There are 2 protein chains.
Amino acid sequence: MATLKEVAKLAKVDPSVVSRVVNNDPALNIKTETRKRILDAIEKMNYRPNLSARNLKKGQSKMLGMIIPDFSNPVYSSMIHGAEDQAAHEGYNLLVYSMKQKGLEKSYSPLLEGQIEGLLIANSEIDNKEILELKKTKKPFILVNRFVPGIDNYVVANDVLGAKLATKHLIDQGHHLIAHISGPLFTGTGLNRFQGYREGLQEKNVDFSPVYVQESKYTVESGYESMQRLLDLPTPPTAVFASNIMICLGAMKAIHDRGLSVPKDISIIGVHDVFFASTLQPPLTTIEMPLYDMGKEAVKKLITIIQGDEGENERGIMIDGASLILRSSTSPPPFS
Amino acid sequence: MATLKEVAKLAKVDPSVVSRVVNNDPALNIKTETRKRILDAIEKMNYRPNLSARNLKKGQSKMLGMIIPDFSNPVYSSMIHGAEDQAAHEGYNLLVYSMKQKGLEKSYSPLLEGQIEGLLIANSEIDNKEILELKKTKKPFILVNRFVPGIDNYVVANDVLGAKLATKHLIDQGHHLIAHISGPLFTGTGLNRFQGYREGLQEKNVDFSPVYVQESKYTVESGYESMQRLLDLPTPPTAVFASNIMICLGAMKAIHDRGLSVPKDISIIGVHDVFFASTLQPPLTTIEMPLYDMGKEAVKKLITIIQGDEGENERGIMIDGASLILRSSTSPPPFS
DNA sequence: CTGTTAGCGCTTTCAC
DNA sequence: GTGAAAGCGCTAACAG
């Protein structure tokens, strides 16, 4: 619409002066009177700076990108909000893509084309290889809730701790036949939660039994099937630790479909305290992970990398903290 | 990184020629040999066009914005996906903001600053007044799932139809004491679903009773409270039609907390078939609205407006269609 | 305290 | 078929 030049003309000053007041130039040696005239002109013409021009000039875009697998996956919403808040706080916008329809190529291109200055990858579906490839471009990016060997720019949670919390809670309730439906064991979260499960068992002197471990995907369907297998065991578990909320939902359904009841027959606990956990029947006991903070910290670190130009020699970050949200899906086992 | 100019130098041609091949200029009068040389140079230098520059030059940004209230609200994820898909299809990117931390001002500014070419407003939290204000700027925007008097750029679903479907289903099951927990009655969706409820009742010759209507917000808490009030009635309803999924979740919880059972004591049906509806206990009967298509159509129309420069004289669009997703939260009433 | 100048990287007439 | 030149709107030295 109105350009800086036009404003300048109306205010009878040079465009550069207008630029200075618009940007609140710290060297604000501008006569109060002139400033007022300019401000008036801006107001009158309804002037708004053109970002493309500014970005071109300054070689920046003040935009960050974020790739997630799917907007409907509730696990990501907290991360997005954290990232969004921090980005806004630092004057950046966040462009969130789901991978639903885009290939990776499309997800990277905004980065390569300077549309975004950095990329948050919160997505287990992208191949390690492709990420290593991206590294070669030297463009700033960061992995969120994910670990890839050879990449130091990542922010993860303490999944071992969270899993240990869950497992120990089950043991404290009196269970010792505790199954684990894990995430994919080629993912950092899946692996670490599995490890936390084992450590929790060990620290409480409960035997580990491989038959009680079902490797699953992070989906409702996969959780459902895994739970079925567990229920088919000669001695089914009395409690289940689900590696994430989707699995947990599927597992609960499988239990109900067998005519069993939670927690009377089987206790269940899952990672991720999504908003509807408390509305489920029974209300779900969960482990809350610091998803929001992960998003926040990821953006913080990403911006550091962007500004440091070099960066990326630092190690990854682990956001500590995981809390047991006690509700009603866990209770002592039937015969204890 | 590498600029067009540098590529040109390497390929020993003029920058303009490079530009033409990069853009696949339809007037592709370019010798195959030259083109090859240029392509090689691009490859070798890993050249990617700078979008800020291109956008500045062409006075566009190929970006659309979308405001939603909250990423964790599952109602919006389908709309986002639809919008995203269509945007990608037409060569646009979608910048999705939640209103969580930003004021309206911040949400509009990308539009005014030319960062985005158009805005999808999928948000009941924004004041009508502010939207009317936005209209004055003549910038392209469109309302999604929302109606504001005086604004013709909108895409809505057939909420009356959806509500009628739900109500009639309940009646067909044998209910006649059917309550409705409505959304806010100053919103289009709330109002239309209420109307659909009344029409459904009327068409099936069931009496309408104002005491069975609770106006609520679209939140779990509000649904919970409304349901409590309904249960406190001298003659509580035997079935409930919840105006959206959040309300439905809250209402279900209230029913359970009273020691009542769904659907044995009370049937319940809600609008919006979110992914976890089938995993609930009991699996929820819902009305599926064409959310994905609304997102898609909204983008389509928005782009039309953007390209038509004028536009906006057309009327709003209603995406027809609503389906009953029959599961187990509805059944015949106790004594029928 | 304000104006001049140059240029960010790209596209687009218009020439040749 | 390719090159020259101008300019999108803004900012950042540098003068004055």
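Biologist: By class, what residues does the surface near DNA strand D have?

Modeller: That surface, where near means a heavy atom within 4 Å of the strand, has eight nonpolar, eight polar and eight charged residues, with Ala, Val, Leu, Ile, Met, Phe, Trp, Tyr, Cys and Pro taken as nonpolar, Asp, Glu, Lys and Arg as charged, and the others, Gly among them, as polar. This is a predicted model, in which local features need pLDDT of at least 70 and side-chain atom pairs count only at pLDDT 80 or more, while totals for chains, interfaces and linings use all residues. Residues are numbered from 1 along each chain as its sequence is written, chains are lettered from A and ligands numbered from 1 in the order in which they are written, and side-chain values use heavy atoms, without hydrogens and water.

Biologist: Switching topic, how many residues are in contact between chain B and chain A?

Modeller: Counting heavy atoms within 4.5 Å as contact, 50 residues of chain B meet 50 residues of chain A.

Biologist: And how many salt bridges cross that interface?

Modeller: The rule (a side-chain nitrogen of Lys or Arg within 4 Å of a carboxyl oxygen of Asp or Glu) finds two, and one of them joins B:Glu113 to A:Arg48, with the closest N and O atoms 3.2 Å apart.
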